[in-house]
Amino acid sequence: MTLTRESILEAALRLCSPEGGGQLTFSRLGKELGADPTAVYRHFRDKDELVLALTDLVIQEGIELARQTLPDGPSDDWRAFLAVTARSVRTSHLARPALAVLAAARTTASPAETHSVEQLISVLHRAGLPVVEAAECYRALLDMTLAMTQYTAAFSILDRQAQEQDEAAWAVKYGMLPEDEFPLLHRSAPRLTELFRDDDTVFALVLDTFLDGVAVRIERARKA
């Protein structure tokens with residue numbers, strides 16, 4: 001089999017998926033490709049270069065997913081556009097949790113990423129924010145989305161025993177607090193326990209809260 005850059009990237013994406021085992025190493029990549037792991041170095045200088053290339057693919061995938069949801073592109077509904085963008089970024093990264101752990105903090109500066117940033121700032125600017133404040137809100141949105149996505153991805157690739165230990169510790173710690181000492185935690189413990197691993201619900205809550213804050217900023221800017 002002749003290795004190409006594309007075949008290596010496809011195999012690496014498979015390894016990063018939940019079905020792929022949740023680990024990306026050149027050793028596992030070589031086995032997946034049926035080739036000597038050193039052959040990968042003819043196409044990628046090191047693992048970091050490979051991760052950046054994979055990150056760019058996932059970014060492009062998230063952009064395409066958002067485009068499918070909003071085929072007409074950005075509209076005057078800035079809130080809907082930002083929400084779709086955040087959810088699409090999260091979905092594309094969580095499809096490969098092992099990569100999400102590595103990629104969430106990286107910047108590729110690729111054409112796809114750069115045009116996406118320009119578009120987000122433009123949408124917020126048209127909504128009424130000064131350019132610099134629009135850029136700040138873009139940065140906060142993406143950082144929040146990627147940080148929460150990385151958190152979810154990191155937990156998902158833990159072995160099941162470690163996951164169960166965490167879940168049990170949460171239920172015991174918060175589910176059995178004495179009411180006389182922690183009355184508010186006692187009352188909210190059932191909901192906190194429900195939310196412990198319901199990361200999608202928590203993400204939706206955080207996203208809505210963030211967008212509420214952006215709405216306040218836009219209204220303030222319009223009045224000014």
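**Entry 1: a glutamine**

I began with Gln163, which touches Phe155, Ser156 and Leu158 when residues up to four places away in sequence are not counted; contact here means heavy atoms within 4.5 Å. Gln163 has its place in helix α8, residues 160–175, where helices are DSSP runs of H or I with at least four residues, strands are runs of E with at least two, and both are numbered from the N terminus. Its side chain reaches the backbone oxygen of Leu158 at 3.4 Å, and I read that against the rule for a polar contact, a pair of N or O atoms within 3.5 Å in which, within protein, one must be able to donate a hydrogen and the other to accept it, while residues adjacent in sequence count only if both atoms are side-chain atoms. Is Gln163 buried or exposed? Gln163 is buried, because its relative accessible area is 9% and buried means under 20%, with exposed over 50% and partly exposed in between (1.4 Å probe, protein chains only).

**Entry 2: what I am working with**

I note that this is a predicted model, in which local features need pLDDT of at least 70 and side-chain atom pairs count only at pLDDT 80 or more, whereas totals for chains, interfaces and linings use all residues. Residues are numbered from 1 along each chain as its sequence is written, and side-chain values use heavy atoms, with hydrogens and water left out.

For the chain as a whole I wrote down ten helices and zero strands. Its C-alpha trace spans about 60 × 50 × 25 Å along the principal axes, and 38% of the 224 residues count as buried. Of the contacts with a separation of 6 or more, 69% are between residues 24 or more positions apart.

Helix α1 covers residues 5–16, which is twelve residues, and reaches 17 Å from its first C-alpha to its last, close to the 16 Å expected; the expected span is 1.5 Å times one less than the number of residues. I listed its buried residues as Ser7, Ile8, Leu9, Ala11, Ala12, Leu13, Leu15 and Cys16, and these pack against α2 (26–33), α3 (47–69) and α5 (97–103).

How do α1 and α3 cross, and at what angle? The axes come within 10 Å and cross at roughly 80 degrees, which makes α1 roughly perpendicular to α3. The axes are lines fitted to C-alpha atoms, for helices over the stretch in contact, and angles run from 0 to 180 degrees between N-to-C directions; under 35 degrees counts as roughly parallel, over 145 as roughly antiparallel, 65 to 115 as roughly perpendicular and the rest as oblique. On the α1 side I found Arg5, Ile8, Leu9, Ala12 and Leu13, which meet Glu49, Leu50, Ala53, Leu54, Leu57 and Val58 in α3.

**Entry 3: two loop residues**

Leu24 lies in the loop between α1 and α2, and at 6% relative accessibility Leu24 counts as buried. Beyond four places in sequence, Leu24 touches Ala12, Leu15, Cys16, Lys47, Leu50, Val51, Leu54 and Leu102.

Asp46 lies in the loop between α2 and α3 and counts as partly exposed, at 29% relative accessibility. Leaving aside neighbours within four places in sequence, Asp46 is in contact with Phe26 and Tyr41. From Asp46 to Leu205 I noted 159 residues in sequence and 39 Å in space, C-alpha to C-alpha.

**Entry 4: a histidine and the cysteines**

His93 has its place in helix α4 and counts as buried at 7% relative accessibility.

I then looked for disulfides, taken as pairs of cysteine sulfur atoms within 2.5 Å, and the count came to zero. Cys16 is buried, with a relative accessible area of 0%, and Cys137 is buried too, at 3%.

**Entry 5: helix α10**

I finished with α10, residues 199–223, whose 25 residues reach 36 Å from first C-alpha to last, close to the 36 Å expected. The buried residues here are Asp199, Phe203, Leu207, Phe210, Leu211, Val214 and Ile218, and they pack against α4 (78–94), α6 (111–127) and α7 (131–156).
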